[in-house]
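Let's take a walk through this one together. Have the sequence and the 3D view open side by side, and follow along.

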Amino acid sequence: MTAQIRKTFTLIETTLVEGGRAAPRPLKLITAAAVLKNPWAGMGFVEDLKPAIHAVAPELGALLTAMILEAAGGADAVEGYGKAAVVGLDGELEHANALIHTLRFGNHYRHALGAKTYLAFTNVRGPANCPVMIPLMDKHDEGRRSHYQTIHFSIPDAPAADEIVVALGASTGGRPHHRIGDRYQDLKDLGNDLANPAAV
């Protein structure tokens with residue numbers, strides 16, 4: 001079994017002005033998505049999702065990673081990253097989770113970027129044109145709030161009821177004019193140990 005991909009989708013949003021001021025440098029938010037047949041469509045409740053995960057997720061991870069790197073101009077240009085999946089109305093939410101919450105998918109992207117943090121994510125069930133939200137964070141430092149951003153897009157004809165949209169997102173920098181500090185200063189101000197941020 002391989003991924004039955006109907007179409008791919010790439011989007012680049014470039015911000016030049018934010019808050020009435022020119023950005024120090026243009027910020028690009030990049031999306032790479034694939035619309036594919038749900039590999040469990042029409043099968044009823046499937047107890048063991050692993051065979052299809054192993055067959056499909058690596059292919060998607062490699063494809064979408066290559067699309068991001070091409071659009072960004074290379075791994076060094078990517079500072080923030082994330083992932084998302086939307087399963088069509090005839091599928092289970094677990095099907096969306098299955099394809100992106102496996103190292104066989106995410107490690108393609110993580111390794112290509114030399115990233116150290118986990119991939120922020122969303123997974124939902126929805127109809128065609130369902131909003132897709134990809135939360136982003138810094139690829140090396142999850143506490144760097146400047147890179148907390150969200151990519152928002154939709155594909156007018158996807159997902160069909162028996163399809164899944166799987167997407168990766170990237171940013172080439174933080175928010176222009178970011179000025180809310182980072183979580184480490186908050187922890188210091190609150191008297192929490194940086195090595196034990198939840199104070200447990």
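By class, the residues lining the largest pocket split into four nonpolar, six polar and four charged. Keep in mind as you look that this is a predicted model. The lining takes in 14 residues, and those nearest the pocket's centre are Pro24, Arg25, Gly174, Arg175 and Pro176. As for volume, the largest pocket comes to about 180 Å³.

Which residues does Gln149 touch? Leaving aside residues up to four places away in sequence, the contacts of Gln149 are Leu27, Leu29, Ile134, Pro135, Leu136, Ser171, Gly173, Gly174 and Arg175. Gln149 sits in strand E6, and its side chain reaches the backbone oxygen of Gly173 at 2.9 Å. Is Gln149 buried or exposed? Its relative accessible area is 10%, and buried means under 20%, so Gln149 counts as buried.

Now look at the strand itself.

What does His147 touch? Again not counting residues up to four places away in sequence, the list is Glu79, Gly80, Leu136, Met137, Asp138, Ser171, Gly173, Gly174 and Arg175.

Next, turn to helix H2, residues 93-100. This helix is mostly covered, with six of its eight residues buried. Those six are His95, Ala96, Asn97, Ala98, Leu99 and Ile100. What covers them includes strands E2 (21-37), E3 (80-87), E4 (120-125) and E7 (163-171), along with helices H1 (50-72) and H3 (103-113).

Last stop: helix H4, residues 183-190. Asp182 caps the N-terminal end of H4, with a side-chain oxygen 2.9 Å from the backbone nitrogen of Tyr184. Just after H4 comes Gly191, which takes a positive phi of about 80°.

Key:
Residues are numbered from 1 along each chain as its sequence is written. This is a predicted model: local features need pLDDT of at least 70, side-chain atom pairs count only at pLDDT 80 or more; totals for chains, interfaces and linings use all residues. Side-chain values use heavy atoms; hydrogens and water are left out. On a 1 Å grid over the protein atoms alone, a cavity is a set of points where a 1.4 Å probe fits but cannot get out, and a pocket is an open set with protein on both sides within 12 Å along at least five of seven lines; lining residues have an atom within 4 Å of a point. Grid points are joined across faces, edges and corners, and a volume is the space filled by probe spheres set on the points. Ala, Val, Leu, Ile, Met, Phe, Trp, Tyr, Cys and Pro count as nonpolar, Asp, Glu, Lys and Arg as charged, and the others, Gly among them, as polar. Buried means under 20% relative accessible area, exposed over 50%, partly exposed in between (1.4 Å probe, protein chains only). Helices (H or I, at least four residues) and strands (E, at least two) are DSSP runs, numbered from the N terminus. Contact means heavy atoms within 4.5 Å. A polar contact is a pair of N or O atoms within 3.5 Å; within protein, one must be able to donate a hydrogen and the other to accept it, and residues adjacent in sequence count only if both atoms are side-chain atoms.
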